[in-house]
Amino acid sequence: MTAPTATPTPPAPDALSGAAPDDRDDTRLHRDTVPSDLPAPVRPTQVGIVHLGIGAFHRAHQAVATEDAALATGDTRWGILGVTQRSASVRDQLRPQGGVYTVLTVGPEGGSPRVVGSVTDVAWPAEETPRILAALATPTTHVVTLTITEKGYSRGAGGGLDVEAVRRDLDALAREEDVAGYREEVETATSAVGLLVRGLAARRRAGGAPLTVLSCDNLADNGRVLAALVREAVDTALPGVEGDDLRAWLAASVTFPCSMVDRIVPATTPAQRDEVETLLGARDEGLVVAEPFLQWVIEDRFAGPRPAWEQAGATFTHDVAPYERAKLRLLNGAHSLLAYAGSLAGYATIAEAVADPALAAQARALQADAIATLEAPDGIDLAAYADELLERFANPATGHTTRQVAMDGTQKIPFRWGGTLADRLADRSAGDALPQGVVAALAAWAAFVVAEVRAGRAVDDPRAEELRSVVEAADGDAAAVRALVRLPGLLPDVADAGSLDALADAVVTAVGTVVSAP
Ligand code: CS2
């Protein structure tokens, strides 16, 4: 049985055409106010990519690579429909600008702006779910990219789908797949994974053109993790024969390559917007600020056409894992450590934290633990790579704050430190010694959480409530640290209770050495 498909709605007035509506505000950046000394942004002719999670990172990374690929090839099919998550703010920033925005690249030699045109429009699921589902179902959309952050994957502590977090979308999916239960009104999507699965189902019902779903988040094996979550969602919403057609189509026509993305892109500040307004002579509410470095390694497993991202410097490979693990454990791992230890020491930015020799030494110790677990990607010297990362962190121009990187620790730590720890514990040649760099990192996080709770601040983490009650229920700080280390799902691969006890003891001891005043 085939249910009716969501009716495609036309793009928003300003999208794609770039035509100037009568009420266009010429104090704002848009195609007609781009300064003549900057290269003209690309003007895509259709949407070819739907991107879930259009924050600053996407705009400074995949959207730039897509722009560069279009400039290199002249292929204008790859306009991006960006989908926001929690709020309409990026939509409200970019729509009056016809999607164009500035990337200000900041390095030791100062900043250089460029205007990017590959984002054709932005939609907010709370108001525009039908349009997003229609875009996902349209055959000229060939790729879905995602930067929804670790918590956006709606995973439970065990790593599988947190069914309750996506329940409303799964119920909507069951109705959308069932002719009898079909409702004329499309229900608002409330989760990224739910929206994706509903979009995939809508695409199959609309004819089933192949699609590539490309995760660009900092999760180990991100593509495989996402594929498994999608399958779990389908199995839950459509158990048994009801879901057979969708399952068969997913297996035959949809791929989920893994990818590793890298560029430091902090949240934009109002002062940076003012500075760029002076530079461009027009206000850009969609401005993003980034370091010069940009890397993208993509598993070459596409279901259909894709932009020529290799023309924009992306690497295509059959195995992303060595790149991904090295980046997660060496870059993100050290970043998180500096964020917690740096916050505790009173540093506002990562650049200040890494300039402190004691904290830099802790970051290096963690990197040394990680290097012992890593396979070097082709042509990469891991020790040199680790050093370059600390140099990138030292770039003061990005203004990347310790608070921003400290966010969502329970979601990041499993990938950033958990893998190193599990591999080191499994490596018999290392004897019984605990990796002290990881121990210190855990001590910094636990001490940070305890300090936040004791100060009456909510930890910026989806499990904040749980963190607060764990700390408050513990008898003193040492017991709180022990309980935090044992938090379910934090170190998922460290199953052995004896190892966890020894680890918790070591972390308690380390707290005294990592917490230092500047
Ligand atoms: C950072 C990352 O905020 C964080 O947790 O570690 O966003 C980091 O800047 C990027 O992964 C760099 O590619």
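**Exercise 1.** Is arginine 301 buried, partly exposed or exposed?

*Solution.* The model is a predicted one, and the classification begins with the relative accessibility of arginine 301, which is 34%. Since buried means under 20% and exposed over 50%, with partly exposed in between, arginine 301 counts as partly exposed. The next step is to turn to its partner: the side chain of arginine 301 meets that of glutamate 299 in a salt bridge, at 3.0 Å from N to O. Glutamate 299, with a relative accessible area of 5%, is buried.

**Exercise 2.** Determine which parts of the chain are tied together by the salt bridge between arginine 416 and glutamate 150.

*Solution.* The side chains of these two residues, arginine 416 and glutamate 150, meet at 3.6 Å, N to O. Arginine 416 lies in helix H15 (residues 409–426), whereas glutamate 150 lies in the loop between strand S6 (143–146) and helix H5 (163–176), so the pair ties together parts that are 266 residues apart in sequence.

**Exercise 3.** Describe the placing of arginine 468 and glutamate 465 within their helix.

*Solution.* The closest N and O atoms of the salt bridge between arginine 468 and glutamate 465 are 2.4 Å apart. Both residues belong to helix H17 (residues 464–473), and because they are three residues apart there, about one helical turn separates them. Arginine 468, at 33% relative accessibility, counts as partly exposed.

How values were computed
Residues are numbered from 1 along each chain as its sequence is written. This is a predicted model: local features need pLDDT of at least 70, side-chain atom pairs count only at pLDDT 80 or more; totals for chains, interfaces and linings use all residues. Side-chain values use heavy atoms; hydrogens and water are left out. A salt bridge is a side-chain nitrogen of Lys or Arg within 4 Å of a carboxyl oxygen of Asp or Glu. Helices (H or I, at least four residues) and strands (E, at least two) are DSSP runs, numbered from the N terminus. Buried means under 20% relative accessible area, exposed over 50%, partly exposed in between (1.4 Å probe, protein chains only).
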